[in-house]
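Here's a quick briefing to read with the model open beside you.

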Amino acid sequence: MKMQSEDVGITARATSIVDEMKKLEGPLLPILHEIQNEFGYVPREALPVIASGLNLSRADVYGVVSFYHDYRDQPAGRHVLKVCRAESCQAMGGDEMADRLRDALGVDWHETSKDGAVTLEPVYCLGLCACSPSAMLDGEVIGRLDEDRIGEIVAEVRQ
Amino acid sequence: MTVTIYVPRDSGALALGAGKVADAIASEIRTRGINAKLVRNGSRGLYWLEPMVEVETSQGRVAYGPVTAKDVASLFDADFLSGGKHALSLGDPEEIPYLARQTRLTFARVGITDPISLDDYKAHGGLVGLEKALTMTPTDIVRQVTDSGLRGRGGAGFPTGVKWKTVLDTPGELKYIVCNADEGDSGTFSDRMIMEGDPFILIEGMTIAAIAVGATKGYIYLRSEYPHAERALNEALAVARKAGVLGKSILGSIHAFDIEVRMGAGAYVCGEETALLDSLEGKRGQVRAKPPLPAHKGLFGRPTVINNVISLASVPIVLDKGAAYYKDFGLGRSRGTIPIQIAGNARYPGLFEAAFGLTLGEIVDKIGGGTKSGRPVRAVQVGGPLGAYFPRELFDTPFDYEAFAAKDGLIGHAGIVVFDDTVDMLKQARFAMEFCGIESCGKCTPCRVGAVRGVEVADRIAHGVEPEKQIELLEDLCNTMKFGSLCALGGFTPYPVMSALRHFPEDFRPHPVREAAE
Ligand SMILES: Cc1cc2nc3c(=O)[nH]c(=O)nc-3n(C[C@H](O)[C@H](O)[C@H](O)COP(=O)(O)O)c2cc1C
Ligand code: SF4
Ligand code: FES
């Protein structure tokens, strides 16, 4: 069955990541980053592998994964759009730009669009406050969000 | 002769198209067969002019900006490589008043050098502080830092030298230097600019700290929102290791030290030093009760120096020029320079490093040029999401730790967010509570529950439900959070909330009354 072989793939890959990184001091976050890097999220199946590799309980690992905003428990869309909602961007009309983006993409915060094109995530400051309002699309920084830039973003994720 | 062209690799410049500009310049160089070299420098911090392109001409550096990819061909046509005139000409960048009026000590090299060229770094005075430190006793290094008056730039303003002395005096075979590069405060970007624009200064500062306290391992805990800083740091660390600035023998001495970058995972509270240490250890980023101090039992229970990026990056100049030189800048108990970050609705947003003591009004109106929207400035938030909102009436407050505290505010990480008169201060107060709720580590009730209650109360005020009673409730709630919270997330959220209420009470009155009053 496909599901099963996927599970096996995840377990195998997670095992090799854990083996490779567990000698680091404080290895859990680096391992989780690597796993999310690899799969696009932190699969449930990876948790027991990490737990046994690091001598932790499964609950400990889950507690850490759920604490941090960055770790996803399911795959994201093909693109990930982070939009800053913090004060400097608010002062430059960021809320309105975010509303327009949500309308244009048909997603709310933390959601993935039905066509799987994009996941929208709020962030609280990208350090781009001197060119607010700002956003980040798949790791690419975007400053001075305006209608034109929003149009470009929408076109890019819909491609 | 090869001409050198500079296009910033700084995230802020990239966010405004610097990457495309650099590509366009590279392609013109190729097609025109010109002998030119492209260097990706840091940003000068004049963000309304970014992407700002500079050329090294026989008469010195000449700047053009803001440049888009479409302007590039015309720049070549105007012979900008010899400083030719163009609509985007800015002349000598150092003579642009915004830059000319600054006192750049920590940011002396940012925008000038190639951030990952150690030769450039050395040619511009880099490593002199470290070389001097290597000839001094640990006690003397610590004394220099103490005498300089340098206080932590991460927010709390604790004397850096005093912290180092505690770690020096604590016995331990293994000690750590941890750099707090979480820079979570909205309206701030100075840490990012240093890490992207002059990473060697941070490496040098951390190495001096290591020699001073006897540490052998350093970590830079970097927020995950800063991928470009991660790249620049890792490139610089590789260069530093190869050149023997880091490693088993620092610059040929008996000291060993190395640094690793560790990424955060999106949690504002991990900027709090004890939560940061827990996060580095691989735990949930929850705040630890103090004592023990990190200086006694920090990372993995070992004596640990934990300092902000700018604190550490200000150390090389102290060692290089001496404590007295640094201390000569500033006033009162706020000594040296502070990189002020002007953000939000500002006409000239950017980084302005100056000695302490400018008034808030000078910074906002004269340097920041008022609002970008052209409307009146109504409020400015100083010191990030936990900082107070200041009205114009308090614009005579000098930028100084104690002066801000006396006005129930804080300097924090020195970010200033400007708002025009369209701002709704009840909404800002509500956001402060909402943010506290989203980012609370959950350890104490006043913060975890208080923040959620705060949002509800703000909503009831907005809907005109028993406003007087709700305002009383809000004040009570703020009091409970202020005195019952373990750390400043819950403890300082009352600053933005109460300052909004105190200075802008009209925004908290029910709308009918508000309209009648107008
Ligand atoms: C909720 C919270 C968030 C903080 N975030 C940061 C931060 O992002 N960067 C930082 O340098 N300090 C931050 N601090 C302050 C640190 O706890 C600590 O004071 C600092 O790392 C000490 O370094 P310094 O003395 O060099 O400033 C934060 C504090 C709190 C309570
Ligand atoms: S005040 Fe909030 S963030 Fe700070 S320790 Fe308490 S619950 Fe955690
Ligand atoms: S507040 Fe939006 S980038 Fe800093």
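The largest cavity has a volume of about 70 Å³, where volume is the space filled by probe spheres set on grid points joined across faces, edges and corners. A cavity here is a set of points on a 1 Å grid over the protein atoms alone where a 1.4 Å probe fits but cannot get out. This is a predicted model, so local features need pLDDT of at least 70 and side-chain atom pairs count only at pLDDT 80 or more, while totals for chains, interfaces and linings use all residues. Residues are numbered from 1 along each chain as its sequence is written, chains are lettered from A and ligands numbered from 1 in the order in which they are written, and side-chain values use heavy atoms, with hydrogens and water left out.

- The structure has one cavity of 30 Å³ or more.
- Residues lining the largest cavity (an atom within 4 Å of a point) include B:Val269, B:Val287, B:Ser440, B:Gly442 and B:Leu486.
- That lining splits into eight nonpolar, two polar and one charged residues; Ala, Val, Leu, Ile, Met, Phe, Trp, Tyr, Cys and Pro count as nonpolar, Asp, Glu, Lys and Arg as charged, and the others, Gly among them, as polar.
- Ligand 2 sits in the largest cavity, meaning that more than half of its atoms lie within 2 Å of the grid points.
- Around ligand 2 there are 13 residues, each with a heavy atom within 4 Å of the ligand.
- The closest ones to ligand 2 are B:Cys441, B:Lys443, B:Cys444, B:Cys447 and B:Cys487.
- The ligand 2 shell comes out as eight nonpolar, four polar and one charged residues.

**Aromatic pairs**

- Searching the whole structure turns up 21 aromatic pairs over all chains; Phe, Tyr and Trp rings (six-membered ring for Trp) pair if their centres lie within 6.5 Å.
- B:Tyr176 and B:Phe300 have ring centres 6.2 Å apart and planes at 55°, so they're tilted (under 30 degrees is stacked, over 60 edge-to-face, the rest tilted).
- B:Tyr176 is buried at 1% relative accessibility, whereas B:Phe300 is partly exposed at 33% (buried is under 20%, exposed over 50%, partly exposed in between, with a 1.4 Å probe and protein chains only).
- B:Phe390 and B:Phe404 also make a tilted pair, because their centres are 4.9 Å apart and their planes at 45°.
- B:Phe390 is buried at 1%, and B:Phe404 is buried at 0%.
- Ring pairs also join A:Tyr124, B:Tyr268, B:Phe431 and B:Phe435 into a cluster.

Note on methods. On a 1 Å grid over the protein atoms alone, a cavity is a set of points where a 1.4 Å probe fits but cannot get out, and a pocket is an open set with protein on both sides within 12 Å along at least five of seven lines; lining residues have an atom within 4 Å of a point.
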